[in-house]
Amino acid sequence: MPALACCVDAAVATPPGQAFIWDGIVPTPESFPASGFSLPTNTTITAAPANAWSPSHSSMLYRVDGWGAPYFTVNSSGNVSVRPYGADTLAHQEIDLNKVVKKASDPKDSGGLGLQLPLIVRFSDVLKNRLESLQSAFDFAIQSQAYEAHYQGVYPVKCNQDRFVVEDIVKFGSSFRFGLEAGSKPELLLAMSCLCKGSSEALLVCNGFKDAEYISLALVARKLHLNTVIVLEQEEELDIVINVSRQLRVRPVIGLRAKLRTKHSGHFGSTSGEKGKFGLTTTQILRVVKKLEQHGMLDSLELLHFHIGSQIPSTALLADGVREASQIYCELIRLGACMKVIDIGGGLGIDYDGSKSQDSEISVGYSIEDYAYAVVQAVKSFWCSKLFLRVPMSLPVMPSFGLQYLLEQLTDDALADYRNLSAAAIRREYDTCLVYAEQLKQRCVQQFKEGSFGMEQLAAVDGLCELVSKAIGVPDNARTYHVNLSVFTSIPDFWGIGQLFPIIPIHRLDERPTMRGILSDLTCDSDGKIDKFIGGESSLPLHELEGNGSVNGHGGKYYLGMFLGGAYEEALGGVHNLFGGPSVIRVLQSDGPHSFAITRAVPGPSCGDVLRVMQHEPEVMFETLKHRAEEFADDDDTNGSMSLASGLARSFNNMPYLLCSASCSLTAANGNNGYFYCDEDTFASAADSVAAEDEQWSYCVA
């Protein structure tokens, strides 16, 4: 049976083990009337005179026992109390949060630390207990259902990249193989360094958009004996993995992120489903499998990843998604892949308001134990229904088939939909055609989830429905254009308050735009996209991209400009996903040949710079990885370890954003033990680009 991996959401791994405290220098609310007090909706409590008020009344008023259990409570002194070991905390082990704040903020001459508020208070014991609770829940579910594989968690460092949080997770989770997930180059460097001190079996899952340098770093991690899996988010990433792995002479371990049909309708479900931001469709998965087979690398495919959204509202929806993923997993085994792990992508919800409601985006009606049981039960029930449970490779690969073969596999209802579709097409009832095509598709998806429909068949149905849409002339929905930025970092007001900015292409304006698109950033968050534009538009007129349009393609450069963003955006932008800010230039009008001069150019923060913001020490991290390279180098491969160290050093100094392949090259020190990095001259000029305020730079083509 497959091992289970789970990307643990921030709500599971970090909160509620921390509190944010600020000074009470704000107007205080009016006192409660003597006759009673107001309560949140659906909360009832016996009214009490003001002089009879007790801590228990406050606990009920603020629903502390609902959202805070088992870590937060109100003590007899009327202060919030932290129970670091959850339900196992003894009375004398409780921590009075007010005393912690006083100790931190009182003057030094009074025995305090003299710290100014606001203040973040982290409780490492709570974090440790949270990890142990998650592992325990899955262990119990596995044992109680006699599941024959194991579970190991994976923490996405994007949730909180603070050095001490990540180091604690690796330390506390080492005994049960807890790993890390990285979604950008700085996060990957961070994860590589931290996992040098973790379990050798801990997974290092590499998600997110990838360029050659990111993939090269991930393959170097395998050279350093880290259990690294490169998860393909886009089909074209496979070509880079194949090429770079051959250059570095290292066998990659590859995962696929599948776009499941299962999704939830809540706010955090927008990254899932067929229109999700990341992942491969059924047809794309089949093409990836074929290409791996052609290159003799199908045995490198070991992991299937999916994510149906954060804050999953019910275990029934979770189980539906897991069953669909299990079918894809089994299909990949049938096609010859050496699958080992299902990565369920987290999604475990948190009851933020304590209401235990399944109808709210800020609450859930299930526990960690319910979540774990639903996952294990769904995987086991599906896996045990397959004939190849014990010898998964014993079934032959399905032969190629035509339309007649496909029709023979349809249920009676699905076959009726196909016949109705054909009849409607003959009558030229195009709206009816679309209805029956969608109905046929959904029935086949359900057959696939139940295991009675193969992946090739489902891809054929997708193709048939797409052919119908094109024949009828249904206009394409807005395309998704992936842009090399983080909305949270560069356009935070769009995300935070819905502020709209003018966005247009800065070239090709002599061509008529033929497409409409929305803009999706590099992050894997639901809000990491721009889908509202000036004029009330939900998409933006854009041009067809040249080449394949990806950052790793040949050509395909397409430049968009956001205007009128001078106020607040730079000041508000943070380091979400550790991307950091963009490069900045200062331009003055000039009488030169191009009418302007660049008088100052400041490169954006490097990977090392943004890591320092989160308390990491890049120099120490580099030494850790350098020693690791030396530790696992062959006795006669000194030059190879030096080459790896040199490449790692460059990665710490490069920007976190993706690089066009045209500016990347491969060093060839010691044969093919080189390392992908951006052209040395390019980075040398960038490093020297911080000039005096009025220095006149060479004129650039406008």
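These legends describe close-up views of a predicted model. Local features need pLDDT of at least 70 and side-chain atom pairs count only at pLDDT 80 or more, while totals for chains, interfaces and linings use all residues. Residues are numbered from 1 along each chain as its sequence is written, and side-chain values use heavy atoms, with hydrogens and water left out.

**View 1. The protein chain as a whole.** The secondary structure comes to 23 helices and 23 strands; helices (H or I, at least four residues) and strands (E, at least two) are DSSP runs, numbered from the N terminus. Of the 702 residues in the chain, 49% are buried. Buried means under 20% relative accessible area, exposed over 50%, and partly exposed in between (1.4 Å probe, protein chains only). Among contacts with a separation of 6 or more, 72% are between residues 24 or more positions apart; contact means heavy atoms within 4.5 Å.

**View 2. K158 and C524, two annotated residues.** An unreviewed UniProt entry annotates K158 as "modified residue: N6-(pyridoxal phosphate)lysine". From an unreviewed entry, too, comes the annotation "active site" for C524. UniProt positions are given in the numbering used here, feature names are shortened, and annotations may be inferred rather than shown by experiment. K158 is in the loop between β7 (151–156) and α6 (163–173), and C524 is in the loop between β16 (515–520) and β17 (529–530). Leaving aside neighbours within four places in sequence, K158 is in contact with E187, C524, D525 and N577. C524 counts as partly exposed because its relative accessible area is 24%.

**View 3. Helices α14 and α15.** Helix α14 (residues 412–426) packs with α15 at an angle of about 160°, their axes 9 Å apart. That angle makes α14 roughly antiparallel to α15. Axes are lines fitted to C-alpha atoms, for helices over the stretch in contact, and angles run from 0 to 180 degrees between N-to-C directions. Angles under 35 degrees count as roughly parallel, over 145 as roughly antiparallel, 65 to 115 as roughly perpendicular and the rest as oblique. The residues making the contact include D413, A414 and L421 of α14 and C433, L440 and Q447 of α15.

**View 4. K441 and Q447 in helix α15.** K441 is found in helix α15, which spans residues 430–450, and Q447 is in α15. K441 is buried, at a relative accessible area of 14%, and Q447 is buried at 5%. Beyond its neighbours within four places in sequence, K441 is in contact with R261, E274, V461, D462 and C465. With the neighbours of Q447 within four places left aside, its contacts are Q409, L410, T411, A414, S452 and F453. The C-alpha atoms of Q447 and L410 are separated by 8.4 Å, although the residues are 37 apart along the chain.

View 5. A cis peptide bond, with omega about 0°, joins A69 and P70; P70 lies in the loop between α3 (64–67) and β3 (72–74). H225 is not a glycine, yet has a positive phi of about 65°. H225 sits in the loop between α8 (212–223) and β10 (227–232) and is partly exposed at 46% relative accessibility. R508, in the loop between β15 (503–505) and β16, has a positive phi near 60°. R508 is buried at 15% relative accessibility.
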